[in-house]
Amino acid sequence: YKVGVKQQRFDESKLTMEKVKADLPEYINKEYIRINIDSSKKKACLQHMDYDGFHQMVLGANILPIKKGCLENINENKLRGHGLNTHAALSTILTKNYKDKQELIEEYIAKFQREDELNRVPKTQSEFEKYFLSKLKTSESRFRYILNVPISEVSNIFAKDVNSELLIQILKVFAEVIADRLVMKQEQKENESVEETKAGDDNDTALFSFIGDFITLIAKSEGFDFCVCFLGDAEKQTISEICNGLAEFGYTEVEAIKTAFELPA
């Protein structure tokens, strides 16, 4: 019963074992939360805490301690070439210590695995292409994945024939990022001080240099001239817009990119 809440008639047809099994854990958890909060309030009062202390006690009422042995399980996982296999570590810890929360475990593991894959540095063009085209569907996630590639490794990853479809999709991502940054730059000029605008320009210059260098290095790969033959007018327009954006931020190799893509100077 709740004050001000109209009570609904009890429907016996809804009282099934399946519904009880589904609802019982949730309501038990809510009752535990209520008990913990009530207990924290009483402890705060007994200790004559001020309002901030009372507030912090209530906020921490349902923080659970790490179960015994959780951290020790991390040592059971093998190391990757660049560090700890964090996905495997998380899977082991959750599975061993929180078996009663299977759905939550699967959700956390899936989310952690996606983040882990998104931060992975590809070693070959096929690895880059497979994940870039198959797994990533938004320009934001694709650009984040591109940023994982060190400029020093671009020539190695794209050493041989570049897939024309992969190149087109990379260019689309760069064009969208540049367009967004140009809009933001204009808004900053209208709304921010000179110092804030200069700081934003410095950050954009580094970002645009990365984009320009990335394209320049791909253009030097083996068989790139053949790949350019498959680019249509729409793709040529995209690279033209990219070059204009790069020039706006002072990138010095714009003409070399235009030449590589057979654009008019």
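**View 1. Arg142 lies over the face of the Phe132 ring.** The distance from Arg142 to the ring centre is 4.9 Å. A charge is counted as sitting over a ring if NZ of Lys or CZ of Arg is within 6 Å of the ring centre and within 35 degrees of the ring normal. The model is predicted: local features need pLDDT of at least 70, side-chain atom pairs count only at pLDDT 80 or more, and totals for chains, interfaces and linings use all residues. Residues are numbered from 1 along each chain as its sequence is written, and side-chain values use heavy atoms, with hydrogens and water left out.

**View 2. Phe132 belongs to a cluster of rings.** Ring pairs link Phe132 with Phe128, Tyr131, Phe143, Tyr145, Phe158, Phe174, Phe210 and Phe214. The whole structure holds 11 aromatic pairs. Rings of Phe, Tyr and Trp (its six-membered ring) pair if their centres lie within 6.5 Å; planes under 30 degrees apart count as stacked, over 60 as edge-to-face and the rest as tilted.

**View 3. Phe128 and Phe158 form an edge-to-face aromatic pair.** Their centres are 5.4 Å apart, with 75 degrees between the planes. Phe128 lies in helix α5 (residues 125-134) and Phe158 in the loop between α7 (151-157) and α8 (164-191), so the pair ties together parts that are 30 residues apart in sequence. Helices (H or I, at least four residues) and strands (E, at least two) are DSSP runs, numbered from the N terminus. Both Phe128 and Phe158 are buried. Buried means under 20% relative accessible area, exposed over 50%, and partly exposed in between (1.4 Å probe, protein chains only).

**View 4. Phe226 and Phe230 form an edge-to-face aromatic pair.** The centres are 5.1 Å apart and the planes are at 75 degrees. Phe226 is exposed, with a relative accessible area of 57%.

**View 5. The largest nonpolar core has 45 residues.** A nonpolar core is a set of buried Ala, Val, Leu, Ile, Met, Phe, Trp, Tyr and Cys residues joined through side-chain atoms within 4.5 Å. Phe128, Phe158, Ile170, Phe214 and Phe261 touch the most other members. At least two residues of this core come from each of α5, α6 (139-147), α7, α8, α9 (194-219), α10 (224-228), α11 (233-248) and α12. Helix α8 gives the most, with 10 residues.

View 6. Glu31 is partly exposed at 36% relative accessible area, as are Arg34 at 47% and Asp38 at 31%.

**View 7. Glu262 has a positive phi, near 60 degrees, in a residue other than glycine.** Glu262 is in the segment after α12 (254-260). Glu262 is exposed, with a relative accessible area of 53%.
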